[in-house]
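Colleague: I have some questions about the labels on this structure. Can we go through them one at a time?

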Amino acid sequence: MSRKYFTKMENESVDDVIFGQAKHPVKLGWDQRAGYGNVYPNIKVAPAEGSEESVDGLEATSKNIAFAACARAADIGLPAIQIEMEHVQQQSISREASERCTAVTAEQLEELHDKYGTRCSMMSTIADMREEENGLRGSEFDVAMDESFEACAENGASMLCIETIGGKVVSDYGIQRGDVRAILYGIGVLGSIDMEYMWTKIVDIANRNNITPGGDTDCAQANTAMFLAGGLTSKNVSHTVAAMSRAMAGARSLVAIECGATGPTKDCGYENPIVKSIAGVPICAEGKNATCAHADLMGNLTAAVCDVWSNESVYNREEMGGPTPGVWLQSLGYECALMNTATKIGTNKQLRDTYVLADKYRDPQGVILAYDNAYQIGEAIVAEGEDIYLRSRAAALKSIELINEAVDQKRIYLTRFERDTMDSAQNTFNQLPDDQDKFIKMCIKRYGRKVKDHDPSQYEL
């Protein structure tokens with residue numbers, strides 16, 4: 001399938017963007033429906049995390065986790081669930097492990113559906129184990145990932161997802177140094193190029209197996225900036241730089257949809273409101289029920305426009321004395337019930353806006369990911385057509401404009417460090433060339449020397 005660029009917003013109005021409803025809803029799995037009016041919970045599991053288990057052990061752990069989740073779903077009467085399995089270590093992206101772990105999880109979900117009528121689906125996420133210095137294209141890991149995608153698709157997965165890492169070595173350099181030109185090159189250009197390479201393959205595998213190509217997240221880059229920016233007292237990375245990085249990530253993660261992905265997208269893509277605003281696809285999100293993973297400042301806001309609600313990560317915690325999968329799923333189910341009830345009684349827009357206002361002005365990142373501002377960033381992206389550089393730069397500049405508006409309205413305050421950082425970034429973006437080829441040549445010359453692991457040939461540059 002050839003790439004179809006978005007040059008206009010699929011959602012005609014910002015008010016159309018809301019939780020549980022998508023312009024282009026998706027059917028998947030066992031009678032599962034995303035974006036048709038209801039939000040359903042996604043419990044993320046990674047049975048190989050932190051272990052060196054054999055394939056037999058991984059299979060047994062996967063079955064136990066799926067059984068526990070399905071038993072709790074039936075016990076509390078959840079109408080719909082999704083299990084996401086992350087294949088997170090080298091051993092777990094082997095074809096045999098993917099086949100067996102996927103198959104036993106799918107078996108439990110199918111049984112839950114057949115016995116209780118619960119709408120079910122399974123998201124299979126393959127970890128991106130590639131390394132730029134050893135080859136992003138055609139490397140041993142690249143081939144192993146393709147094989148794992150095939151194995152999941154053939155053994156019961158409802159949808160395929162990934163967190164691609166293209167451009168990470170350059171964006172890491174930029175995030176560490178506050179170099180927004182490097183971040184723009186790493187996320188907006190290199191990340192977008194690598195996304196097209198990966199998602200052309202993933203969509204093909206999904207279509208051949210009659211399952212759903214879901215979506216991507218910029219975990220490797222924009223989430224790095226968000227995590228390093230941290231909470232209110234952290235100063236390792238500027239929060240305004242983190243906000244700009246996330247805006248650029250919206251343009252980058254959109255590429256999966258342009259290559260044929262349909263959503264639901266992955267939960268840890270905090271840029272998903274931008275993607276949904278543009279493309280009208282259902283999205284998965286995480287927030288207040290994902291506190292096991294990290295401390296962010298947007299735990300309520302992220303629920304505002306989600307179609308699938310996730311906990312972020314659950315491993316085999318029962319053996320470690322921590323919460324079981326069923327406990328996490330129950331918490332997610334309560335939040336989904338609140339959203340779905342609001343939709344039924346007609347208070348969904350009030351709930352959406354309450355979610356947003358709880359967090360919108362706590363941090364610059366919340367400002368630009370609130371659905372109304374995410375929509376404006378989407379408009380800036382599509383206005384630049386097919387130019388991956390210009391649309392990413394436009395997203396960053398729009399994020400700066402939106403933060404400045406919030407400051408002028410006295411909704412948010414910036415420290416001197418944040419103000420100086422953002423003003424410097426704006427000057428840098430405005431001074432960059434308007435020609436994509438000139439920008440890329442400039443960056444290759446600069447970062448090909450400064451970032452030792454960066455290999456432009458891996459992006460056909």
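Colleague: Which residues in α4 meet which residues in α5?

Modeller: A caution before the list: this is a predicted model. In α4 the residues are V170, S171, Y173, G174 and I175. They meet A182, I183, Y185, G186, I187 and L190 in α5.

Colleague: What makes α4 roughly antiparallel to α5?

Modeller: The angle. Helix α4 (residues 168-177) and helix α5 (residues 180-208) pack at about 150 degrees, with their axes 7 Å apart. Angles over 145 degrees count as roughly antiparallel, and that makes α4 roughly antiparallel to α5.

Colleague: Which hand does the crossing of α4 and α5 have?

Modeller: α4 passes α5 in a left-handed crossing.

Colleague: Now the charged pairs. How many salt bridges does the structure hold?

Modeller: The structure holds 38 salt bridges.

Colleague: How do you know that E86 and K44 meet in a salt bridge?

Modeller: Compare the distance with the cut-off. N to O is 3.6 Å for the side chains of E86 and K44. The limit is within 4 Å, so the pair of E86 and K44 counts as a salt bridge. E86 is in strand β4 (residues 80-87) and K44 is in strand β3 (residues 40-45), 42 residues apart.

Colleague: Why are E86 and K44 called buried?

Modeller: Buried means under 20% relative accessible area. E86 is at 11%, so E86 counts as buried. K44 has 1%, so K44 is buried by that rule too.

Colleague: What does K266 form with E86?

Modeller: K266 forms a salt bridge with E86, and the closest N and O atoms are 3.3 Å apart. K266 lies in the loop between α7 and α8, and E86 lies in strand β4, so the pair ties together parts 180 residues apart in sequence. K266 has a relative accessible area of 0%, so K266 is buried.

Colleague: Which residues are linked in a network of salt bridges with E86?

Modeller: The network links K44, E84, E86, E163, K266 and D267.

Colleague: What makes α8 largely enclosed by the rest of the structure?

Modeller: The count. 8 of the 8 residues of helix α8 (residues 272-279) are buried, so α8 is largely enclosed by the rest of the structure. What covers the buried residues includes β1 (21-28), α7 (239-258), β8 (284-286), α11 (364-369) and α12 (371-382).

Colleague: K276 is in helix α8. Which residue does the side chain of K276 meet in a salt bridge?

Modeller: D307, at 2.9 Å, N to O. D307 is in the loop between β8 and β9 (308-310), 31 residues from K276. D307 is at 0%, so D307 counts as buried. K276 has 2%, so K276 is buried.

Colleague: Next, a serine. Why is S399 called buried?

Modeller: S399 has a relative accessible area of 0%, so S399 falls under the 20% limit. S399 is found in helix α13 (residues 388-408). Leaving out residues up to four places away in sequence, S399 touches A243, M244, A247, I368 and I377.

Colleague: Why is N210 called exposed?

Modeller: Exposed means over 50%. N210 is at 71% relative accessibility, so N210 counts as exposed. E460 also has a positive phi, about 60 degrees, and is not a glycine. E460 is at 66%, so E460 counts as exposed.

Colleague: What kind of peptide bond joins G263 and P264?

Modeller: A cis one, with omega about 0 degrees. P264 is found in the loop between α7 and α8.

How values were computed. Residues numbered from 1 in each chain as written. Predicted model: local features only at pLDDT ≥ 70, side-chain atom pairs only at ≥ 80, totals over all residues. Heavy atoms only, no water. Buried < 20%, exposed > 50% of the residue type's maximum accessible area, 1.4 Å probe, protein only. Helix = DSSP H or I, 4+ residues; strand = E, 2+ residues; numbered from the N terminus. Contact = heavy atoms within 4.5 Å. Axes fitted to C-alpha atoms, helices over the stretch in contact; angles between N-to-C directions. Parallel < 35°, antiparallel > 145°, perpendicular 65-115°, else oblique. Left-handed = near helix turned anticlockwise from the far one by under 90°.
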